[in-house]
Amino acid sequence: MEVHVRIPAPLKKLTGERDVIHAQGKTVGEVLRWLTETYPGLKERLRDERGEMRRFISIYVNDEDIRFIQNLETPLKEGDQISIIPAIAGGSLES
Amino acid sequence: MKIGTLKTIKAFKDWFIIKARNEGSEISVEETHQLLQEKEPVVLLDIREKDEIVLGYIKGAAFLPQGLLNVKMEELLPDKNVPVVVYCAGGIRSLAAAKLMKEKGYAHVFSMAKGIDGWQKAGYEVVSDSELTPDQLHRYSRHLMLKEVGMEGQLRLLKAKVLLVGAGGLGCPAGLYLAASGVGTIGIIDSDRVDLTNLQRQILHGLADVGRPKTESAKEAIHRINPDVKVVTYQERLTSQNVIEIFRQYDIVVDGSDNFPTKYLVNDASFFTGKPYVYGGVFQFEGQASVFFPKERGPCLRCLFPEPPPPGLVPS
């Protein structure tokens with residue numbers, strides 16, 4: 001099943017500057033696994049040392065936060081849009 | 001509506017204006033002023049809508065909105081021999097009104113050409129019952145026309161106190177718009193000085209400000225746009241020591257800070273002081289914006305992102 005994953009600007013360096021990736025998987029967890037296998041640099045950014053999802057990154061399926069659906073078990077339909085939304089501290093590009 | 005119809009309407013309007021003018025029912029603002037100085041009885045009739053009248057009217061005017069003219073004019077002006085000068089904003093609606101009154105038998109009806117706009121431009125006095133000064137009525141007139149703002153909204157803006165955390169890439173445009181719109185008090189907290197690399201986006205600061213505290217140049221820029229705004233500056237870092245005391249004095253907190261510790265500090269202090277927290281973040285060409293207001297049962301930043309990233313893991 002193909003879904004579209006939106007990669008936020010801070011992570012684009014790790015996906016060869018691609019901001020939308022067509023990924024495979026029946027659940028959010030599967031898609032993220034596929035994604036981190038395809039782009040290994042993403043793994044450390046999305047998951048902590050124990051493999052848990054990092055708490056400053058939210059994952060949305062279409063417009064819903066997966067924490068309010070079935071988390072990584074959230075089932076996907078063909079064409080769903082998955083958004084990876086990290087906390088951003090903005091206003092400045094320095095440092 | 002089709003373009004053709006619009007054109008027809010416009011042509012009709014032009015024709016009507018020319019016809020009404022040729023009938024000699026127009027008088028200038030100067031003539032009107034002269035007429036009012038004389039002791040002769042003359043009725044000055046303002047046919048604008050209520051929301052236009054609050055912006056100011058000519059002293060001594062009677063009010064009857066154009067829509068009610070047909071049914072109410074005889075009740076308001078039983079003597080059809082008294083001279084009447086009708087005015088509106090620009091002198092177009094009053095032409096139609098004067099024509100209608102003539103048809104109803106009023107003997108001496110004039111439309112004041114160029115309306116109250118022309119009256120004001122000629123330097124004649126306009127009075128108002130509003131809490132706003134004449135300058136404010138003029139400055140905020142485009143807000144006052146919007147039903148979503150209006151007089152009530154403008155007065156609320158003038159009484160509002162907004163704190164800007166940071167006068168950088170986000171704080172600068174926010175500050176400009178808040179000042180222009182008439183927010184009465186703007187607090188600015190920033191410990192930085194202006195750097196040349198800031199100028200490409202931090203639009204409150206200019207080249208001559210490089211090296212100066214951002215709070216100072218921000219204050220000056222705001223006063224150039226709107227000298228009525230009270231600007232309170234805090235040339236310091238926001239810390240857990242000063243945050244509560246500062247936040248208490250404001251209605252809304254706008255966060256334009258560029259680092260996670262400050263963002264979470266602003267979030268937590270907004271939560272504890274019960275203030276709405278206007279959140280924004282930018283990274284290159286992507287941005288996030290939200291309002292967190294837990295006091296009104298909304299979520300806070302920690303609901304969205306429970307913890308800030310550890311230092312070094314993400315660029316800020």
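How many helices and strands does chain A have? Chain A has two helices and five strands. These are DSSP runs, numbered from the N terminus (helices H or I, at least four residues; strands E, at least two). Read from the N terminus, the order in chain A is β-β-α-α-β-β-β.

The model is predicted: local features need pLDDT of at least 70, side-chain atom pairs count only at pLDDT 80 or more, and totals for chains, interfaces and linings use all residues. Residues are numbered from 1 along each chain as its sequence is written, while chains are lettered from A and ligands numbered from 1 in the order in which they are written.

The C-alpha trace of chain A spans about 40 × 25 × 25 Å along its principal axes. In chain A, 22% of the 95 residues count as buried (20 or more other C-beta atoms within 10 Å of the residue's own, with C-beta atoms placed from the backbone). Of the contacts in chain A with a separation of 6 or more, 54% join residues 24 or more positions apart. A contact requires C-beta atoms, placed from the backbone, within 7 Å.

Chain A also touches chain B. The contact takes 15 residues from chain A and 29 residues from chain B. On the chain A side, nine are nonpolar (Ala, Val, Leu, Ile, Met, Phe, Trp, Tyr, Cys and Pro), one is charged (Asp, Glu, Lys and Arg) and five are polar (the others, Gly among them).

Conventions: Two residues are in contact if their C-beta atoms, placed from the backbone, lie within 7 Å. A residue is buried if 20 or more other C-beta atoms lie within 10 Å of its own, exposed if 12 or fewer, and partly exposed in between; C-beta atoms are placed from the backbone.
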